[in-house]
Amino acid sequence: MKSHSLVIHTLLLVTLSPGELTSRSQETAPVLKLETAADFLALHVSGIAPPGTSELEYRLAETGAVGDTRAWTAAPARAADDGAFRFDLPLKSSRWSEIQVRAMKSGVQLAKKEAHSKREVFAMLTPERIAELPEPARAAWTAYMQRSISRRDVEFDQLAAECRSLGVANASTAPANRAELENGSDTPSAWFATPKAQQIAGAIISYQTPTGGWSKAVDYSQGPRKPGTHWTAQTGEQWHYCGTFDNRTTTEQIKLLAGVFTATRIEDARLAMMRGIDYLLEAQFPNGGWPQNYPVESGYHEAITLNDNAMLHVLEVLLLIAEKQQPFAFVDDALQQRAQAAFDKGVDCLIKAQVKLHGRPAVWCAQHDPLTLEPVAARKKEPPSLSGAESAELLKFFMRKAPVRPSITAIIEPAVEWFDEHRITGLRKTKNDKRKTDYVADPESQEVYWARFYDVATARPLFAGSQDGVIYTSFHEMTEHNRVGYDYYTTKPAELIDKELARWKKRLAKTASKAKSK
């Protein structure tokens, strides 16, 4: 008799949710990792292919999308044993839009991955925010942003063409000089006719961007720009500040060129100056403000920028042109009228942007939202706030130089009163045991200060850390947690209250007297 063994099979049923099914499917599906980097000559592709990959294929679109009909091309490299791969694809025009790479095994696709070129992603001037604006503002802002993006593309193409003609993959960085270019009003007119002034002017002309502006911190003493050299001295992201009003940039170059032309009648200086003025006018927002950089750079650079007096310096130049003051006495009536219109539009923007507390005009922020004019943040140490320093400089300009008219007069006295009410006393400036600046409580101190930043709701001083971004209630506490490379207190409003207010009232009386005599 045969013996039979009894085999019992137990069937275990496990029910998985749709999410678990998807998760397990993703865990087992082959994965292709893809990275891209581009220069002016080629697109560099690298990554890791899944196990079993026998060949790689790609399809590339230098403009637009790849789509499903474009043919696949065998990649010029194979995956290593560990799956790593790298290959370079020469670019016809230094541009690329999208690439798809797929891993194959005996003609069967194992995995596919795509990558796209990086485009500017804006934070405040987004298509969605602009689309919500009423007409005609929507059309004006749409056209402005399209023009700005187009300008950056032209700059890229010009630099790419230079580098490709030289056979170099990347542009050289412009020589750097951290000192600001500044032409004081006391610069003798004869200086602009000197060989040194003409040498500097020649270098400035060579570093003018295709859009018409200049980058900051370029060392013009090193001579003219050479082909294949960027217009900026920025390391890392070279397009950073490629055309800016920060640190007196562009406005000072325009004034220097105007001075050289006035003294020498060198035509190249006049032409570059005119392109610079056109740049100022083109960069102006539809509502009258100015960004920090143009073509517009994403981030806080999109904001209407009063920080470091960027917009103020633009207004100063426009007023000189509108009044045909030196060094712009030679401009024609058409340019004079364009400058006047832009100046008036800028002033109207600032009148609307003046922050009101409890219905009463106060001062301004260092940055304002380009669309709503609300105070906005910049770097970690620059929260949305009322500005003690920039507001004082702006008021000084209004009181000394701006046209005397009711709309401007209406913003001056309330702002001066606000400063008078928010002075800070009982502090003494000193050095701590680390030889660093500190401010300590001292009831006997006669020193008077104003904070660089005040809370937009409570008007209390703010001290934001440059490393941690935390807002502290005192300078001393902030310095215990952060490095300090910034002026958190200012004395600038004292001049407004003690001197400028009296001068301004005399100016008002003089203007009124002239009006009566007519």
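This is a predicted model: local features need pLDDT of at least 70, side-chain atom pairs count only at pLDDT 80 or more; totals for chains, interfaces and linings use all residues.
Residues are numbered from 1 along each chain as its sequence is written, and side-chain values use heavy atoms, without hydrogens and water. Local features need pLDDT of at least 70, side-chain atom pairs count only at pLDDT 80 or more, and totals for chains, interfaces and linings use all residues.

**Exercise 1.** Find out whether threonine 211 is buried or exposed, and which side chain makes a polar contact with its side chain.

*Solution.* 
- Start with the place: threonine 211 sits in the loop between α4 (195–206) and α5 (251–264). Helices are DSSP runs of H or I with at least four residues, numbered from the N terminus.
- Next, accessibility: threonine 211 counts as buried because its relative accessibility is 7%. Buried means under 20% relative accessible area, exposed over 50%, partly exposed in between (1.4 Å probe, protein chains only).
- Finally, the partner: the side chain of glutamate 155 makes a polar contact with that of threonine 211, at 2.5 Å. A polar contact is a pair of N or O atoms within 3.5 Å; within protein, one must be able to donate a hydrogen and the other to accept it, and residues adjacent in sequence count only if both atoms are side-chain atoms.

**Exercise 2.** Work out which helix gives the most to the lining of the largest pocket, and how the lining divides by class.

*Solution.* 
- The helix is α3, with 6 residues.
- By class, the lining holds 13 nonpolar residues (Ala, Val, Leu, Ile, Met, Phe, Trp, Tyr, Cys and Pro). There are also 10 charged residues (Asp, Glu, Lys and Arg) and 13 polar ones (the others, Gly among them).

Methods
Helices (H or I, at least four residues) and strands (E, at least two) are DSSP runs, numbered from the N terminus.
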